[in-house]
Each structure stands twice: as structure tokens, then as C-alpha cells.
Amino acid sequence: MSESGRHKWWALSALSLSMLAVGLDGTILSVALPQLSHSLDATETDLQWFSSSYLLFLAASMLPLGLLGDRYGRKTILIGSLVLFAAASAACAYADTPWQFVTARCILGVAGAGIIVMALSALTVLFTAEERPKAVGIWSAANFLALPLGPLLGGWLLTHYWWGWVFLINVPIALIGALVVLALVPDSRADQPPQPDVVGAALSTLGLSGLTFGLIKVGEHGWGDAAAWASMCGGLALLVGFHHYESRLGRRPGGRPMLDPALFRSRGYTWGVVLIGFVALANIGVIFIMPQYFQAVRGTDAMGSGLRLLPLIGGLVVGAVPADKMARLLGPKFAIGTGFVVMIGGLLLGATTDADSGDGFSGTWMALSGFGMGLSMATTTSVVLSHVPKEHSGVGAAVLQAVNKVGAPLGAAVLGSVLSTSYQSHLSLPAMSDASESATRSGVFDGIAVAKESDSPALLDNVRDSFVHGLDAALVVSAGFAVAGLLCTLLFLPRISRRAVRAEGPLLGGEPPRHVAGDVPPGEEVESTASGMRPNGINRRHWRSS
């Protein structure tokens, strides 16, 4: 291997180190939610915002930051994001109220967006089409390997030390990542820097914010809340306006939209992005709900909760590592579909959980769900990146990650509302004061506190059984998301040749691509290039000379 070849793989290790901070934050928060509920006097809705606010700003910031990376340099944005991530993590640790914590999480989301988008876009720039599937597999595995450190380290810290340390631990990791990126990752930017698109950025950010805020309000007040519907409808209207504005700007002479509609000319790219969203929707419920189940129903501490999440993370790693080999052997469409099938089986098995289910049962279904997620996520990411030109790698990666990350807050909001509604409907409360009844209905931890204060074993059992009822309902909805992803894979994802996984060039620029079977009927196939649409039936040798 040449010196430049070795340098690329060392650079990949630097990008994986950068992602370690982001991976730690997600799993540490899930384990810390019960502790934060008590320390910050947070309600069930506050807990949803602790997760959703970060993920909302993460998703809403990705397109603007992808544009900034293409314009000003991806390495610069990545280093700046890592430094900001360290500062926001410290702010989370020293928050005294839920709103202070949420504010710090919002800033953390912006920084995380820069890290995720720039790290992923670097894979498109650093590696050739032949190398990219292997790089994506390593990158995905490194991200998943970061996840066990969250529940283990977070659980140990929460059991023995002040809860703020679970966020302060990100500070040295992020700063070390910034130094390694500075030393090893080459800078890159678009040859023709894109112009700022303030209107597009505002429409996309406000639209995503309104939609997710409405969904969280549904979880708090139910589906009959008028304000929640107004927020959701307003957010959707802004997102529709964003689509029309970007399309119109792209048709203007010299128009350069933030999100170029040409990215979606390939069915492989478009449906690959959609499938990433379904994977996120299907699995966020496990990460959000299970730590609460382990601590509220099973009575474990934070460390025990973290240990019990390891089967999920192990399944993710085992599914992601061989994903590129399975895609080459059987074809990416089959690999993605297999991932969804395994995911559905695991989630439906989990939906039979009861208050007395053992660790072996929960570990089995979480491992199955994680394996399906890892296999489908890694394969789909590789397929999507094969359709992104280097010139637009920042925005192309941002679209992929935005859909991935917006699926998480939407999933948390939807599943949180399902959990809350099912929990409240299953409660059978004895005569008690209005304050005690309101506290019991607000969430499982407050309900357990009321039951213990009133010394009522019957109420304690009812609160725990009601939470499990809500958990099972939420997992059925999660399985429904996975079923939708499977159907989209079978019906809409084009059949991609096995060779294309390792040899496909970008469909929107750069080297003209090899034929990808299944995009459109034979004889009518077209492929998008930097200069427009060319018929795929033209002989490749003649194409190069044209």
C-alpha cells in the first residue's frame, strides 16, 4: 500500500474518533434519563425534549452545515464543530433546570451535525468507489463500537459519581478528536463554492422544528390538542414550501439551491435515503424506552441498565461488520431486505414483554433488532454514497444524515406519545388527591414515587404493568415502521448489481457510472451526469469519447 493509501485509512481512524463523542452522547443520555428526571425535576415531556431537542437541532442544522463545508472547507467545519461540542457538553453538565439543559442540548445538536456530516462527506472524498464500501463498513462499526461505552461508562459514573460527569467525559474526547483531525485529515471543498441559501436554510429549519414540536405536544396533551396540530401542519407547510423554493431556484439560470433537486434523479439515492429514515424510526423506541423499563419495572440501577443494553449494541456491530460482504455476495437489495425482516422479528418478539420477563428474553430480541438495524443501515449508507458526487459530498451526506436524524426525534415523539397514551389508559387509580393523580399520570417514575409514598403495593404493580403495556404498544408501532421500510425496499429500491456495490461511480458527477440494473426499464435507462442526462444504452467506450 502506498503512503497516500495508508494516510487515507489513518484519516478514517481520525473520523471515527470524532464520531466517538457523538456516539457516547446518545447512549449516555438514554441511561441518564431516569437520574435527570429526579435531579432536574423533569416530567415525561421534559425527558422527551432532552432527547428530541438535540436530535431536532442535529437534523435541522445538517443541510446548512453541509453547504458551509462545501463552501469554506470540510475540515474547518469539522474542527470547529468538535470544539463547540466540547463546550456544549460542559454546559449540559452544569445545567440546573430542564430549560437550561434543553438549551445546551440544542447547541450540542448543532455541533453534532457538523461532526456527523463532515465525517461522512469525507468518506466520499477520501475513498474511491472500490474502497468506499469497506470504509463505510469500518466507519459504521466504529460508530456502533462507541455505543457500548455509553451505557457502561455512563452507568458506572451515574452509580458512583455526580451525574454531570456523564457529559463532561465528552470534553476531552472531542478535543482530542479535533487535534487528530487537524493532523491527519486533509482539507477539501467544492471546486465551485456554493452560494449561501438563507431562505432555504430558514424554511428547512423552521419546518422541521414545527413538525417535531407538534409531535412532542401530542405526547403531552394527546392527539386532540389544537396547538399540536397547528404546529405540525405549519411545519409540514414550511417543508413543502422549502421543496418548491429549492426546485424553482434550481431551474433559474445560474441558480444554486442549498439542496439540488438533481440529487434525487437517481431512484437508488432517493429510496436509499428514505430507507435510512425508516431504520431510525424503527429503532429509536428501543433506545428511548428500554432504560426506563429496566430501572422502573426491573428495579436496576443505571449501571445495570447500561449492561442490559449491550445486546442491542452487539447486534448492531455484528450486523454492520459483514454488511459489505453480504451485499457483494447476495446483492444490496437482498441484504437490506434481510435486515428489515430480522428487525421486524426482533421488535415483535419484544412486544410480548411483560413485567416478569427475564434478561435473556430482553437480550435476545434486542440483539435481533440491533443486527437487522446494523445490516440494513450499513448497506443502505454504502448504496447512497455511491450516488453522491465529490463536488456535492457535503450536502449529499447532509441529506442522508438529516433524514436519519429527523427520524429519531419523530420516532421519539410518536413512540413517546404512544407510550404515554397507552400508559395512562391502562392505569386503574384508587381514590387519591388531585396532585397525586396528576403525578401518577405524568409518568412511570412519578407514579412509582406516589405508590411508595402511599405504601400501596397494588398501585405500584398497576403503574409498572401500565408502563409495560405502553412499551409493548410502542414496539408494535416500531415494527410497523420496519414493515414500511421492507415494503419500500421490495417495491421501490432499484435492483443494484453486486459489482456496483464495490465499483459504482457517482451517478451525479465524476466518473460516468456502470450500468445499474433495475433503475428504469431496459432500453429506457438514463443516468445523471454533471452535464445532464445521458442514455445508459450508449457504449461506455463511446461515452467517454463523447
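Tutor: On one side of helix α13, K325 and L329 are exposed, where exposed means over 50% relative accessible area, buried under 20% and partly exposed in between (1.4 Å probe, protein chains only). Helices (H or I, at least four residues) and strands (E, at least two) are DSSP runs, numbered from the N terminus. This is a predicted model, in which local features need pLDDT of at least 70, side-chain atom pairs count only at pLDDT 80 or more, and totals for chains, interfaces and linings use all residues. Residues are numbered from 1 along each chain as its sequence is written, and side-chain values use heavy atoms, with hydrogens and water left out.

Student: Which residues of α13 are buried?

Tutor: In α13, residues 323-330, these are A323, D324 and A327. They lie on the same side of α13 because they cover an arc of only 100° around the axis, taken from the directions from the helix axis to the C-beta atoms. G331 follows α13 and has a positive phi, near 100°.

Student: How many aromatic pairs does the structure hold?

Tutor: A pair of aromatic rings is described by the distance of the centres and the angle of the planes. Rings of Phe, Tyr and Trp (its six-membered ring) pair if their centres lie within 6.5 Å; planes under 30 degrees apart count as stacked, over 60 as edge-to-face and the rest as tilted. The structure holds nine such pairs. The rings of W163 and F167 have centres 6.2 Å apart and planes at 85°, so this pair is edge-to-face.

Student: Is F167 buried or exposed?

Tutor: F167 is buried, with a relative accessible area of 1%; W163 is buried too, at 10%.
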